[in-house]
Structures are given as structure tokens and as C-alpha cells.
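This briefing concerns the packing of side chains and helices in one structure. Please have the sequence and the coordinates at hand while reading.

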Amino acid sequence: MGELHSFFTNAFSGFGITDAVDIILVTFVVYYLLKLVLETRAEQIIKGILVLVAVTIISGALNLHTLNWMCKGALALGAVAVLIVLQPELRRALEFMGRGRIISGLGQGDKENSKRIVSAIVNTVDEFSSDRTGTLIVFERQTMLEDYAETGTILNARITEQLLGNIFYEGSPLHDGAVIISGTSIYAAGCVLPLSKNQNISKDLGTRHRAGIGITENSDAVVLIVSEETGIISMAEDGKLERFLDKKTVEKKLLDMYLNSHIAGEGNSAFKKAKAFFGGENAGEEDKDNEK
């Protein structure tokens with residue numbers, strides 16, 4: 001008993017506040033790394049790496065020199081391969097740290113304007129659901145979607161039910177693509193989005209749903225989807241799809257995003273204006289037209 005007491009006394013004799021902070025920070029980092037890879041393709045890759053590490057250790061202990069040499073070589077090449085394969089996940093992790101989510105909810109949006117915007121979107125989506133009009137609306141948050149917006153037509157237009165109706169009208173040249181909403185305006189329409197690479201998505205979901213999920217795998221965007229075949233309203237976020245939403249649920253989710261400043265606003269707009277000033281030729285004219 002005395003030896004046990006002596007062991008613990010010696011072990012914790014040099015333990016101080018900095019050690020406690022160090023442990024807490026490491027725990028925090030490990031937790032978010034595990035959260036990042038959970039339920040994604042990264043999970044399976046990491047399992048494979050762990051198996052390879054275990055085989056390397058066992059083969060070394062059993063003096064299986066050839067197998068051990070092969071495993072060490074595979075681990076060395078695998079480090080580079082993992083960086084390439086997990087590029088979207090790593091980018092999301094870096095963006096998560098750069099976004100500063102701890103303070104993102106401190107600012108409050110314009111309440112009346114937010115309600116007007118949400119009302120226009122919700123009413124339009126509800127009508128599209130009744131008419132079974134295929135719809136794909138992307139809400140830009142902290143991650144800018146400039147690259148995807150450039151695949152479509154830049155509008156920089158005020159959000160109204162009439163404009164959304166015209167864009168997704170079957171005879172419109174922009175109806176097949178996605179609408180990107182940035183802050184309080186429709187930034188672009190007819191945009192092409194990346195398809196999800198998740199093999200576990202239901203085969204019943206078509207290209208529209210896969211594109212909606214795909215953009216949320218590569219950014220922190222939120223996407224509203226209306227099925228052309230069934231009229232079912234869905235919402236994609238963080239690579240996951242929530243289906244069978246009603247009007248009130250959609251309204252609640254969108255109001256939460258706008259009123260808690262989770263929707264990109266003046267920050268991204270200012271960046272786009274600066275970009276237009278220094279490098280864009282037409283963007284500046286579009287902004288002037290929008291202001292009029």
C-alpha cells in the first residue's frame with residue numbers, strides 16, 4: 001500500500017496548471033478530429049491505416065522482415081495518399097478553425113429584412129413542392145462559393161418570390177442549375193455543383209439531391225431541395241440530407257440561420273466588390289446596377 005501511495009505521489013508531484021491545460025487542449029483537438037472523420041469516407045481510410053500500423057508492429061515483433069519492409073513502405077506512401085484523398089475533409093477542418101464559430105453567433109441580423117427574405121423563400125419552395133418544380137437553392141455561409149457561382153450567371157439581385165419563380169420555371173434557361181444565395185441577395189443562378197461521392201446515398205435520389213449533398217461536403221453551405229418527381233422538400237447540411245420537411249420546419253431553420261448571423265453577409269459581399277475592383281470587369285457594373 002505504501003509503494004502504491006509513493007508511486008502516485010511521484011507521478012503527480014510535478015503536475016501543474018500548464019499540464020492540465022495541455023491535456024484539455026489535446027482532448028479538444030482529438031475530439032474534433034474524431035468528429036470530423038466520423039460517418040465520412042475518412043473513417044474507413046483511418047481504419048485501414050490502423051490495420052496497416054498493427055501489421056507493421058506485429059511483423060516487426062515476429063521478425064517477418066519482408067512483410068515489415070513492405071508495410072513501412074506502404075505507410076510512407078500512404079501519408080501522401082491520405083492527404084490527397086482526404087482533401088475535402090482537411091479543407092473543412094481548416095475552414096472550421098478559420099471561421100471562428102465561437103463568436104459567429106454574437107451578431108444579430110436585420111430582423112425585419114430576414115423575415116421578409118425567409119418568407120419569400122419559404123412561400124416559393126412551398127409552391128414549388130405543390131407544383132413539383134425541381135429546385136436547388138444554396139445558402140452561402142462562411143465558406144465563399146465564388147468558384148461555383150462562376151459556373152452560372154451572376155445576378156446580384158434582390159430575393160423575391162417572383163424572381164425565384166422565374167428562375168426555376170421549366171422554360172427558363174437557368175432552371176436546371178442551382179441558385180446561390182449570398183447574404184440578402186441571389187448572387188448567381190444556373191450554377192453547377194459537385195456531386196456527392198458518398199456511396200451510401202439512396203439510389204432513389206437523383207442528380208439534384210446528390211449535387212445538393214455534394215456542395216455541403218465541400219463547404220458549410222446549407223441547401224434546400226425540392227424533388228421534381230415527388231415534390232418532397234429536403235435540406236442538406238454537412239453532407240447529410242434531411243427529407244420530408246414541411247413549410248414551418250423550413251421557415252424555422254432559415255430564420256435561425258439569418259437571425260443568428262450564420263448566413264454570409266457584408267463580409268463576403270465586400271470581398272466580392274474588392275475582387276471586382278481589382279480584377280473583374282463586369283462585376284463592378286453589376287453591383288452598380290443592383291444598387292440602382
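Are Phe128 and Phe168 buried or exposed? Phe128 is buried, and Phe168 is buried as well, where buried means under 20% relative accessible area, exposed over 50% and partly exposed in between, with a 1.4 Å probe and protein chains only. The model is predicted: local features need pLDDT of at least 70 and side-chain atom pairs count only at pLDDT 80 or more, while totals for chains, interfaces and linings use all residues. Residues are numbered from 1 along each chain as its sequence is written, and side-chain values use heavy atoms, with hydrogens and water left out.

**Aromatic rings**

- Rings of Phe, Tyr and Trp (its six-membered ring) pair if their centres lie within 6.5 Å; planes under 30 degrees apart count as stacked, over 60 as edge-to-face and the rest as tilted. The count by this rule is one aromatic pair.
- The ring centres of Phe128 and Phe168 are 5.8 Å apart and the planes stand at 75 degrees, so the pair is edge-to-face.
- Phe128 belongs to helix α7 (residues 111–131) and Phe168 to helix α9 (residues 161–168), so the pair ties together parts 40 residues apart in sequence. Helices (H or I, at least four residues) and strands (E, at least two) are DSSP runs, numbered from the N terminus.

**Nonpolar cores**

- A nonpolar core is a set of buried Ala, Val, Leu, Ile, Met, Phe, Trp, Tyr and Cys residues joined through side-chain atoms within 4.5 Å. The largest has 27 residues, and those with the most contacts inside it are Ile121, Phe139, Ile181, Leu224 and Leu254.
- Elements giving two or more residues to this core include α7, β1 (135–140), β5 (222–226) and α11 (247–259). Helix α7 provides the largest share, six residues.
- Another core, of 20 residues, lies apart from it and has Leu145, Tyr148, Tyr187 and Ala236 among its members.

**Helix packing**

- The axes of α7 and α9 come within 9 Å and cross at roughly 40 degrees. Axes are lines fitted to C-alpha atoms, for helices over the stretch in contact, and angles run from 0 to 180 degrees between N-to-C directions.
- This makes α7 oblique to α9; angles under 35 degrees count as roughly parallel, over 145 as roughly antiparallel, 65 to 115 as roughly perpendicular and the rest as oblique.
- The axes of α7 and α11 come within 9 Å and cross at roughly 150 degrees. Helix α7 is therefore roughly antiparallel to α11.

**Loop residue with positive phi**

- Arg132, in the loop between α7 and β1, has a phi near 55 degrees, a positive value in a residue other than glycine.
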